[in-house]
Amino acid sequence: NLIKVCARAADAEVAFDIYKDMLASGVKVEKHVYATMLKACAAQIVVLNHEADRRNQLVLLERAFALVASMEDMHVRPDVAVWNALISVAARAEKLQRAFDVLDEMMQRGDKPNGRTYTALIDACARAGEKDLAIRLYHRAINEGYDDVLPIYSATINACVKCSSGVDVVSAMEIFADLQRAGVQPDSPLYGCLIMAAGRGGKLDLVETLYDEMLSDGLVPC
């Protein structure tokens, strides 16, 4: 719980201090503690979003990978939640290849990706401006049966917004159509991302249509 507070406060330094106290006190460290530690790292990396903080971001990234590596010494086997959290750390640090390296390792160890795995990977692609790769992952997730996970749709639409070659409104709306066909209820942030895509694409009529549709779905603008 203390480390969870650190994660919410985006303070990985205090989280690591608490972790050291746990080890020194002989308290058994469970898997979920490691996952929460990684969430603290990811949260602080987001806070360190200035160019001058890039070194500190990369230090936190390496500390996160070292933490997972240390689980072997503690005789604790990483689970999917830990792998997903580590992918999120790599994504927030904008290290796309490292995120896919984690995917490779988790699969080599026999852990199957779940919906949150794909969401984290698609987020990593979005931050790198790799929209086409994000969409390939999205279709892979759909084919594996994760089409009922709202964050996958949101992350992929976000990738369409952040595409390095410019916003892709058509693909964003196609994903939205997939969501509707699957019977998944969109939320206000997803509509916000769609509206951003339409706005950046200069489609103001579509902006108004999406806004009206959001209200008709009973959603309050975020």
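Ala, Val, Leu, Ile, Met, Phe, Trp, Tyr, Cys and Pro are counted as nonpolar, Asp, Glu, Lys and Arg as charged, and the others, Gly among them, as polar. The model is predicted, with local features requiring pLDDT of at least 70 and side-chain atom pairs pLDDT 80 or more, whereas totals for chains, interfaces and linings use all residues. Residues are numbered from 1 along each chain as its sequence is written, and side-chain values use heavy atoms, without hydrogens and water.

The lining of the largest pocket comprises 14 nonpolar, 7 polar and 8 charged residues. A pocket is an open set of points on a 1 Å grid over the protein atoms alone, where a 1.4 Å probe fits, with protein on both sides within 12 Å along at least five of seven lines; lining residues have an atom within 4 Å of a point. Of the 29 lining residues, Ala-35, Thr-36, Lys-39, Ala-85 and Arg-116 lie nearest the centre. Helix α3 gives the largest share of the lining, 8 residues (helices are DSSP runs of H or I, at least four residues, numbered from the N terminus).

There are 3 aromatic pairs, defined by ring centres within 6.5 Å, with planes under 30 degrees apart counted as stacked, over 60 as edge-to-face and the rest as tilted. Tyr-19 and Tyr-34 form an edge-to-face pair, 5.8 Å centre to centre with 65° between the planes. This pair links helix α2 to helix α3, 15 residues apart. Tyr-19 and Tyr-34 are buried, that is, under 20% relative accessible area with a 1.4 Å probe, protein chains only.

Conventions. Helices (H or I, at least four residues) and strands (E, at least two) are DSSP runs, numbered from the N terminus. Rings of Phe, Tyr and Trp (its six-membered ring) pair if their centres lie within 6.5 Å; planes under 30 degrees apart count as stacked, over 60 as edge-to-face and the rest as tilted. Buried means under 20% relative accessible area, exposed over 50%, partly exposed in between (1.4 Å probe, protein chains only).
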